[in-house]
Amino acid sequence: MNNKLKTARVILALLFFIPIVLYFLDFTGKLPVQFHFILQLQLVPALISGMLGVLIAMALLSLFFGRIYCSVICPAGILQDIFIRISGKGRKWKQRKKYRFHYRKPLYINILRYTLLVLVIFFFCYQGSTHLLLWLDPYSNFGRIASNLFLPGAIFINNVLADWMIEMDNYKLIYIAINNLTVVALVSAAVTLLVFMILSVMYGRLFCNSLCPVGAFLSIFSRFSLFRISFDKKLCNSCGSCEMTCKSECINSKTQKVDTSRCVDCFNCISSCRKGGLKYKFGFSLVKKEKNTEIQEEIQPEMNSRRSFIATGAMLMTTIPVISQVTKNETKNGSKQQPVLPPGAFNKKRFENRCTACHLCVTKCPNQIIKPAGLQYGFSYLLKPHLAYIKGYCNYDCTICSEVCPNKALEALSPEKKVTTQIGIAHFEKDICVVFKDETDCGACSEHCPTQAVKMVPYKDSLRIPQVTPEICVGCGGCEYICPVRPQRAIHVVANTEHITVKKPEYEKVKDVEVTDFGF
């Protein structure tokens, strides 16, 4: 029975983790777009997209069974468990001891995690901002790791195998180019992965219990969970093995207490206890007035550190007007150049306030034109996606990015709505066009315009030069992508700060000509 709970938890975790990883690594597009529903079970996307049913379900799950979400549903939590498992089995640290954790008092952890939770709630409710969630949301951090590290690694392996198979005249695998990977996104993902790895190996689930706002939110409910891990005082011999295997460092084997607000229900402690001194059972009870000396020992440092709590909270709260002013200044004095937002974003402010840069749209774009931004659009837009028409263009009726966004930062568009949504307008630079500069024919931009917004008009002698009709341009970037002028394109898309709806172009009808003879 001791190992059955842990085995069941591991199986359920893999049933969530493997599909999520495969969905991020699906560079062939074989998995259906609708498969993204599994990501809508993540708490922060559910919060931002207004899925109250999911939020209530997760709160009730924690209230009944504890923080099972953190060990079963959260991909970042499962990734940390993998690091903990590998480090415990394969290294010689501390003479390869399996038991390496110890109980940590919750005082300073509570100060940090609940202060961060208050800040996140303040920014989200008062300013509608997700700037803190971008860095602290476990799902978004995992998404950037999967998109910018795991996916390129999978593509690299595919390309190596493809080259090897081509040499053997086997063409079942094709070479895949990577066009949407940026240095900023790669560094961000690598640093995040390194932080997860170090914290999990050294301190277990410290990130989940000190920095993660999701963990802090669920801890409010798990503190009063009906089913919980508790000591059987008749069987426990205080050997301490449960405390040393608790990756949440929430078990005090001396006082035989479990901090249920930090426990993630991994059941490692139960499986490690040979005496059966720990059980997962219905154990909710009000605080009892017993063992006053032990309770006093826990309360006394908290009373003595109340000033530290107030000082820390005050220091963090003073960062609110500072960050707020920086954001306002960026908005007021922002870069002249605006990012071309993916279809379904509607406007820059709405998109900034909803997107947490999970990079799922970056991964799923079939033409790899959605890229994570650097600092070219300001700090508030760092790592968030924008369209770059360097190696491709936005397919005229493609709606994949808007369909997969779990935050609804991109509202799902129908193909009919997509072809009439103007995300930008093509801007023609006559001075650098080859028709004007070299006096030679081109017309590539007009040939690749799906709406006939770019047409060739008479210019000089027999030459024709591009002309843009803004009223029917949708900003797909077909003209910019195909333009042969380098380094700056002679025609490029200027972003709309507000997406608007344009009329669907009327295409010229092709006349049917009946041929009665050969004409000679």
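Tutor: Let us begin with burial. The buried residues of helix α11 are Pro213, Val214, Gly215, Ala216, Leu218, Ser219 and Ser222. This is a predicted model, in which local features need pLDDT of at least 70 and side-chain atom pairs count only at pLDDT 80 or more, while totals for chains, interfaces and linings use all residues. Residues are numbered from 1 along each chain as its sequence is written, and side-chain values use heavy atoms, leaving out hydrogens and water.

Student: What does "buried" mean?

Tutor: Buried means under 20% relative accessible area, with a 1.4 Å probe and protein chains only. Helix α11 (residues 213-222) is mostly covered, with 7 of its 10 residues buried. A helix here is a DSSP run (H or I, at least four residues), numbered from the N terminus.

Student: Which residues have the most contacts inside the largest nonpolar core?

Tutor: A nonpolar core is a set of buried Ala, Val, Leu, Ile, Met, Phe, Trp, Tyr and Cys residues joined through side-chain atoms within 4.5 Å. The largest has 46 residues, and Leu39, Tyr69, Leu79, Phe142 and Leu360 have the most contacts inside it. Helix α1 (residues 2-25) gives the most to this core, with 7 residues.

Student: At what angle do helices α8 and α9 pack?

Tutor: Axes are lines fitted to C-alpha atoms, for helices over the stretch in contact (heavy atoms within 4.5 Å), and angles run from 0 to 180 degrees between N-to-C directions. Helix α8 (residues 138-167) and helix α9 (residues 183-203) pack at about 120 degrees, with axes 8 Å apart.

Key:
Helices (H or I, at least four residues) and strands (E, at least two) are DSSP runs, numbered from the N terminus. Buried means under 20% relative accessible area, exposed over 50%, partly exposed in between (1.4 Å probe, protein chains only).
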